[in-house]
Amino acid sequence: MKICVYCASSPKVDPVYLDAAERLAKEFVKAGVSTVYGGGATGLMGRLADTVIAHGGAIKGIMPKFMNEVEWAHKKVTDFEFTETMHERKAKFLEGIDAVVALPGGTGTLEELLEAVTLKRLGLFTKPIVIVSTRGFYDPLPQMFERCIDEAFMHSRHRGLWSFVDEPEQVLAAIRTAAPWGSDAIAFARNE
């Protein structure tokens, strides 16, 4: 199984978030999951990569060349792909993966996550999306999604686009039990 993880690069975050990244990495290595991530060396990204590497797991970094030029790339990640743009990077994240997992993060993480949700809504991406709400970080997001549905911006079937969990140890079970999603989702994407 290959899973893409969206997460933050900020090293200034509360250690509880770094711990969540480490716990997720250990779960993935234990289950033989290959990890795809943004390639960073600091913050949740760095902790995720450090832990996967320390425990003998597989990890691939995907990063735009300009980020590598300012030395954001993790030096110990040996499987790396450098893209020309952020847009190309996001497309590469979703190639050949079995699921997307979002740990807490800032605008970059939110943007990547919401693009994956949008592509799934259109049936262009059909894999599970699991959002890890460590210490309630993502609590406002399901409220916003529900508001979109309540206000008829999305169809009620769109609740199947994502799942929320509280702990990294719940991620793999959420992926295994995710409802199937088809490329025919475009048929109700406009909520008609």
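**Group meeting talk: strands, a helix and a core**

Okay, let's start in strand S6 (residues 129-132), where Ile131 is the bridge partner of Ala102. Before going on, a word on what you're looking at: this is a predicted model, where local features need pLDDT of at least 70 and side-chain atom pairs count only at pLDDT 80 or more, while totals for chains, interfaces and linings use all residues. Residues are numbered from 1 along each chain as its sequence is written, and side-chain values use heavy atoms, with hydrogens and water left out.

Ala102 sits in strand S5 (residues 99-102). Strands here are DSSP runs of E, at least two residues, and helices are runs of H or I, at least four residues, all numbered from the N terminus. S5 and S6 run parallel, joined by 3 bridges; two strands count as paired if DSSP finds at least two bridges between them. Together with helix H5 (residues 107-121), they make a right-handed β-α-β unit. Right-handed means that, with the strands pointing away from the viewer, the path from the first strand over the helix to the second runs clockwise.

Now look at the side chains of S5. Ala99 and Val101 point one way, Val100 and Ala102 the other way, and all are buried. Buried means under 20% relative accessible area, exposed over 50%, and partly exposed in between, using a 1.4 Å probe and protein chains only.

On to S1, residues 2-6. Why is S1 largely enclosed by the rest of the structure? Because 4 of its 5 residues are buried. S1 pairs with S5 in the parallel sense over 4 bridges; Cys4 has Val100 as its bridge partner, and Val5 stands opposite Val101. S1 also pairs with S2 (residues 34-37), again parallel, over 3 bridges. The chain gets from S1 to S2 through helix H1 (residues 15-31), and that crossover is right-handed.

So what does H1 look like? H1 has 17 residues and reaches 24 Å from its first C-alpha to its last, close to the 24 Å expected at 1.5 Å a residue; the expected span is 1.5 Å times one less than the number of residues. At its N-terminal end, Asp14 is the cap, with a side-chain oxygen 2.9 Å from the backbone nitrogen of Val16. Just after the helix, Gly32 takes a positive phi of about 75 degrees. The buried residues of H1 include Leu24 and Phe28. A handy rule: an α-helix has 3.6 residues a turn, so residues three or four places apart point the same way.

Which residues touch the most other members of the largest nonpolar core? Phe28, Val101 and Val171, out of 30 residues. By nonpolar core I mean a set of buried Ala, Val, Leu, Ile, Met, Phe, Trp, Tyr and Cys residues joined through side-chain atoms within 4.5 Å. H1 gives the most to this core, with 7 residues. Val101 touches Leu24, Phe28 and Val171, among others, not counting residues up to four places away in sequence; contact means heavy atoms within 4.5 Å.

Last stop: Thr177, in the segment after H7 (171-176). Is Thr177 buried or exposed? Exposed, with a relative accessible area of 65%. The C-alpha atoms of Thr177 and Leu113 are separated by 20 Å, and these residues are 64 apart along the chain. That's it from me, thanks!

Methods
A polar contact is a pair of N or O atoms within 3.5 Å; within protein, one must be able to donate a hydrogen and the other to accept it, and residues adjacent in sequence count only if both atoms are side-chain atoms.
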